[in-house]
Amino acid sequence: MYQSFIGLEIHIHLDAETKAFCGCKAHFGDEENTNVCPVCMGFPGVLPTLNEKAIQMSYTVARALNCKLSPNTKFERKNYFYPDMPKNYQISQFAEPVGRDGYIDIEIGDSIKRVRIHDVHFEEDAGKMIHAGDMSLLDYNRAGYPLLEIVTEPDLVIGEDAEAFLKSFRRLVRYLGVCDGNMEEGSMRCDANVSINLKGAGLGEKVEIKNLNSSRFVRKALNYEIERQSGMMDEGKAVVQETRLWNENRDQSEPMRKKEDANDYRYFPEPDLPPFRPSEEFMQDVENSLCEMPLVRKQRLMNSYGLSSDQAEYIHEEKYMADFFEQAVFSGAEAVQVYSWLSSDVKKLLNRTGLSLEDCPLSAERLAKLISMIGDGQISGKIAKKVLDYIFDEDKDPETICNEKKLVQISDPTAIGKIVEDVLAAHAQVVEDIKAGDARQMGFLVGQVMKASGGNAAPPVVQSVLKEKVLG
Amino acid sequence: MEISDLTVTATLASLVLDEAETQKLGDEVSRMLSYFEKMSEIDVDGLEPTTHALQKENRLRDDRRLSNEAQPDELLECAPDLEDRFILIPNVL
Amino acid sequence: MSDFEKKWSEACTQPQTLKAYRKYVEQWEEQIGSFLEFDPLRSLEADIPQGPLTGIPFAVKDNIAVKNYKLTCGSKMLEHLVSPYTATAVKNLQKAGAVMVGKTNLDEFGMGSSTDNSALKQTNNPWDTERVAGGSSGGSAAAVAAGLVPFALGSDTGGSVRQPASFCGVYGLKPTYGVVSRYGLTAYASSLEVIGVVARTTSMCKTVFEAMKGKDPMDHTSMDHTPSGKEVKTVGVLKIEEGALNPEVKASYDSTVERLKKAGYEIIEIELPTLEYVVPAYYTIATAEASANLARYNGIRYGHAPVYAENPTDLMRKSRHEGFGDEVKLRVLLGTYVLRSGFQDQYYVKAQKIRTAIRNDVERWYDKADILMMPVFPTPAFHHGSSDLDTFQQKQADLYTCTANLVGHPALSVPSTMENGLPVGVQFMAPPFEEDRLFQVSSVLEKEFQAPEAPGYHTDWS
Ligand SMILES: [Mg+2]
Ligand SMILES: [Zn+2]
């Protein structure tokens, strides 16, 4: 009988070399207060200067989210006092953001849902405050990071929707190369708002939830909140507009300490930055930086390569993997084979070595070659796995490795026959047992032959030769 | 201007006013605000607000690291309270 | 270099003259208190480049950053802050060979017209120490008028260079907004202010301006200087309402018009009906911007911190309560108020629209006149305290100067006459980038009347 409405506010760190408004390095994990200058520390007399790459990435995201792009985007000061915010105002956008009124299609379960985007705006991050007993420690390395805030309309219904949205959105920004989407390191952050109401009665009182540090928490927190609000409605209590924090240890949302006064951000135009009017070349660069959207790509992977939905889901997760996949297929490998290798052996090796597909020694061409060598009968699947190991260890082409390591499949029955004879001679008792009816011992002999061949003998040939020689 | 209005404004500005200041500054703020009322006499409908008097062109900075004459350590030295490289502030729980 | 400039270039670069020069400065300082910090040696340690200002000493208003010098802004809040960097304008002057010798007093954060709002020092007018030097660049104007330096930097948000220049009998230039980089100028009202020059001669003013200007990668509101090179023929003189000016100032104003006529300029009378809205619009915009610009002072990263605070909010509030003076608190409160939701349209947005109306009102005259003339301030230098002019009246008296800030145009305050022992100046205003027109007219007037020498003034260091 209730209807719930969820909207998300997502902040992403734009993957630029420097901060939004100064030339300091924008990099996570450096020693505290090393990437700072008078500008991002808010010293008297400093002025902001707009990072070209960051503003271009902002337009790219807005464009990818099908927004109306601003021909004259403006910067504003958002005023509030916070210890980790050096100027005690944040340079942000309000009246004329980079983009507004967009949408993104996402897959939730088996259906596709369109989520409207209210606006996309550029701003700067604050520093970090670490609480330590009766003191707080301030680190301003993050102060001034270029941030992009994406605000959705309240088009999502339950926690699972929000989780799916975040996953899709993360994939999108990684496809665009504008953000690594790492929620643990805070390069992607999410706040949510939820309201519920009787069906058909429109939006209810909005409750904001902060501190959602993973897409799992987003799901849990929103479902918790929907339940909490429904409970209140059941009891006839009014839901009050407030901001709550998700407590991940207790799995519940809790009211944030009550602010003494309502916020009034007093937005006004940033006098230190003139408005930005993108030129035609700038917009062309934005167009050029776009790529096929993940969902479109997934559908194409299914349609063009016959992958199942699950297989396409796996392959399209990372743009590089999808590119790799298509390149391997283009180089002659069969699509499903490429998928199988990527989703099992290659994945295992990547996990073991801690490398990413992008910077590991395996190229799409090498994988395609490896697959074709199996197809040609040059090597067995088993050898191929060994070759893959060597590719990772030695960064060489599969043929080179096979030549150097003599990893060539022996499928000539005469050659195998010789090995079999040696093995049979060495294990006469086993042969007798088999002849007497103990068929289980056959496996032992196969193993011995494979071992004697250095693993190079083709197993089907070994089996047929053995059968013939032992059982006649 | 009401006292409560002054208090809200002061809080937004992170100022605390003692009693004497509330009186004195309250009077002066009110005096200026009533002087500002003069602006209601002039009709400026249809005029664009001037936010940037003369700036016409785009200005952008290359996304390249800049060396700065001020070293991070020099900046930290300005802080009233430090612990190693952290700036320290009190926080009674 | 002129003889005047040559003489100055030796003041502190020759060891034997440096001693005499320092003694001269020390003597004057006892009377006028223009410097918050004076130390020529610190700059002399560095190699001085060859350029149009080689060896010439100058002072810098203490709201402009110079590395290793304090940057107090005349406030308790920043009393002990040493600047970690140097403003672009100062760097440009140092590249031109000028030698920075000290930091001058000012109204706290540039907020005032008397320099009496400095929390750190009182500055007196070299012509009459009972009177103010004007403000907020009062220290710079007093130092130049007393001959302690041939020029000094000030900042002009609503007249803060031109008014003290007029009170002290020297030249005061407010350049076109954006032509001189603001990087390193402590922000008070960002969209209005610019670094300006106080100087003893027109030509020094021009040389300094030329050396200082230029588009700066650190200031995205800075611009190239693109003058037209036009020669001034017609001067548009603002018609003065009966009683709007103190009689001495009016007499001085009229005699300047006569001199201009004698020099062959065509004079036309102009009117600015928007003038009565200039001050409320100016203070609305200036305080709104100030409320944000001064939010950074919270006792955390630098500046005054209280002895004890319970939590971050308490720390911020106490440091601001203890660190800011009354005038600063007043303007921050006012600026916060005019930006509050529910009031913003009525005050801040309205003021920005009025700003457009004022620009239209001013610019229409440039079809008829090459340059505009108006008073600097309705009175000569007033007495310390509020007996002549209370702080509210001082604000209302900004009407002639803050017009140029609202529209961004260049303006120059020129010494015009002595009245009852006090200098009085007159102001010229030109279209954007047309500083040269100001210098043209100023040089012509300078032939008739030069910056007067206050009793005790000399520049003989030998
Ligand atoms: Mg935000
Ligand atoms: Zn920085």
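The paragraphs below lead through a predicted model, from the domains of chain A to its metal site, then to a loop residue of chain C and a helix of chain B.

Chain A is divided into three domains: domain 1 covers residues 2–285, domain 2 covers 292–405 and domain 3 covers 413–471. Taken over C-alpha atoms, the centres of domain 2 and domain 3 of chain A are separated by 34 Å.

Chain A also supplies the donors of the magnesium ion (ligand 1). The ion is coordinated by His11(A) through NE2, and by Glu123(A) and Glu149(A) through OE atoms, at 2.0 to 2.6 Å. Along the sequence these donor residues follow the spacing H-x111-E-x25-E. The two glutamates link distant parts of the chain: Glu123(A) belongs to strand S6 (residues 111–124) of chain A and Glu149(A) to strand S9 (residues 146–152) of chain A, 26 residues apart. Glu123(A) has a relative accessible area of 2% and is therefore classed as buried. Glu149(A), with a relative accessible area of 8%, is likewise buried.

In chain C, attention turns to Ser181(C), which is found in the loop between strand S7 (171–174) and strand S8 (194–199). The surroundings of Ser181(C) can be described through its contacts. Leaving aside residues up to four places away in sequence, Ser181(C) touches Thr88(C), Ala89(C), Ile195(C), Gly214(C), Asp216(C), Asp219(C) and Ser222(C). With one of these, Asp216(C), the side chain of Ser181(C) makes a polar contact, side chain to side chain, at 2.6 Å. The side chain of Ser181(C) also reaches a backbone atom, the nitrogen of Tyr183(C), at 3.0 Å.

Helix H1 of chain B spans residues 3–12, and within it Asp5(B), Leu6(B), Thr9(B), Ala10(B) and Leu12(B) are buried. Why do these residues lie on the same side of H1(B)? They cover an arc of only 160° around the axis, which places them on one side of the helix. The buried residues of H1(B) pack against helix H2 (19–36) of chain B together with helix H11 (326–339) of chain C. After H1(B) comes Ser14(B), whose phi is positive, near 55°.

How values were computed. Residues numbered from 1 in each chain as written. Chains lettered and ligands numbered in written order. Predicted model: local features only at pLDDT ≥ 70, side-chain atom pairs only at ≥ 80, totals over all residues. Heavy atoms only, no water. Buried < 20%, exposed > 50% of the residue type's maximum accessible area, 1.4 Å probe, protein only. Helix = DSSP H or I, 4+ residues; strand = E, 2+ residues; numbered from the N terminus. Arc of directions from axis to C-beta. Contact = heavy atoms within 4.5 Å. Domains from an automatic or database assignment. Donors = N, O, S within 2.8 Å, 3.2 Å for Na, K, Ca; no water. Polar contact = N/O pair within 3.5 Å; in protein donor to acceptor, adjacent residues only side chain to side chain.
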